[in-house]
Amino acid sequence: MHHVDKAIINQLQDGIAVCDNPYLDIANQLGVSEDEILVRIQRMLDDGRLSRFGPMFHAERMGGGLTLAAMSIPENEFDAVVEKVNSFPEVAHNYERNHRLNMWFVLATETPEGVADTIKKIEFSTGYPVYNMPKQEEFYVGLRFTL
Amino acid sequence: MQQVLAVSKDTPVMPLSLDDDQKKRLRALIQDGLPLVEAPYQLLAERIDSQEQLVMDCIAQWQQDGLIKRYGLVVNHHKLGYVANAMVVWNVDDCEVDAVAAKLSSFDAVTLCYRRRRQLPEWPYNLFCMIHGKSRETVLAYIQRMVQEGQLHHIEHKVLFSTKQYKQRGGRYVSKSDSRDGKVLEGAA
């Protein structure tokens with residue numbers, strides 16, 4: 001990866017400045033033009049190296065519901081069930097994992113009550129139970145990658 | 001909420017903060033990302049019929065109040081070569097959770113550490129942490145080191161690697177009743 005791309009990633013994971021010309025500030029720090037910064041960020045968004053650029057709101061404080069849920073789905077039905085589960089707009093991430101509980105997804109709902117409602121709907125739609133594992137305490141969030 | 005106005009006889013009235021409708025519109029606009037233009041806050045202000053300073057004040061306030069949890073770029077770890085994504089789950093005595101969580105969180109490669117509700121009898125694990133690495137071997141070796149150094153031998157744990165990613169979006173929520181009333185939700189529950 002180009003060293004300027006790396007520098008942009010390392011720098012902007014920690015935060016974007018709230019000022020008139022935030023990209024000019026980054027450009028000055030990295031010794032390149034503002035245009036180059038804008039083009040490089042857009043390119044990394046387009047090719048998928050960046051999944052997001054901007055604010056991440058706090059679901060619960062915004063009045064929403066959030067949980068991690070798991071299901072145990074027979075291998076030969078997995079694709080069909082994952083399609084049903086992912087058709088719910090409340091499903092954010094969905095990963096297959098190597099365990100008897102093999103489907104793990106995040107539910108983000110408009111209201112706290114929406115979590116239970118959506119789980120019921122998913123159980124009804126798929127015919128399999130959903131194990132709800134809401135967060136009880138958050139000890140650490142440092143999701144950051146230094147390149 | 002009524003808009004706060006600074007009234008003057010000679011100059012047009014200048015609002016001191018965004019009104020509720022403008023806040024909703026701003027939230028919806030930035031949920032997909034900050035615009036990539038030289039003056040992004042000015043552009044946002046034009047879109048919601050307000051002023052750059054008020055937009056910046058509002059976003060700064062959301063950060064201060066903790067409504068915005070993170071404000072920066074998020075990388076797709078898979079695309080950057082961190083292809084081994086392990087969820088390590090531990091079955092910890094309730095009275096020991098705080099101490100174990102503190103140990104786990106002290107390791108560099110641990111990116112998230114949450115206590116979650118058990119689902120007995122199917123699922124006895126109550127402490128979850130995430131480790132991203134470039135290969136399964138390095139992640140497994142790292143977990144061994146954590147067990148050794150943290151003296152966690154007595155705690156049953158399991159390593160669940162992701163074998164496929166089916167959906168990843170930014171935890172975006174747009175209410176069906178009003179597409180402008182956008183809520184953005186944190187993705188990593």
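## Fold of chain B

Along its sequence, chain B follows the pattern β-β-α-α-α-β-β-α-β-β-α-β-β-β. The chain holds five helices and nine strands, where helices (H or I, at least four residues) and strands (E, at least two) are DSSP runs numbered from the N terminus. This is a predicted model, in which local features need pLDDT of at least 70 and side-chain atom pairs count only at pLDDT 80 or more, whereas totals for chains, interfaces and linings use all residues. Residues are numbered from 1 along each chain as its sequence is written, and chains are lettered from A and ligands numbered from 1 in the order in which they are written.

Of the 189 residues of chain B, 35% count as buried, that is, with 20 or more other C-beta atoms within 10 Å of their own, the C-beta atoms being placed from the backbone. Among contacts in chain B with a separation of 6 or more, 52% come from residues 24 or more positions apart; a contact requires C-beta atoms, placed from the backbone, within 7 Å.

## Interface with chain A

Chain B places 62 residues in contact with 63 residues of chain A. On the side of chain B that touches chain A, at least two residues each come from α3 (52-64), β3 (68-75), α4 (97-105), β5 (110-116), β7 (156-168) and β9 (182-184). The most is given by β7(B), with ten residues.

## Strand pairing between the chains

Strand β1 (residues 50-57) of chain A and β3(B) run antiparallel and are joined by seven bridges; pairing requires at least two DSSP bridges between two strands. Within β3(B), V74(B) stands opposite R52(A).

Note on methods:
Contact = placed C-beta atoms within 7 Å. Buried ≥ 20, exposed ≤ 12 C-beta atoms within 10 Å, placed from the backbone.
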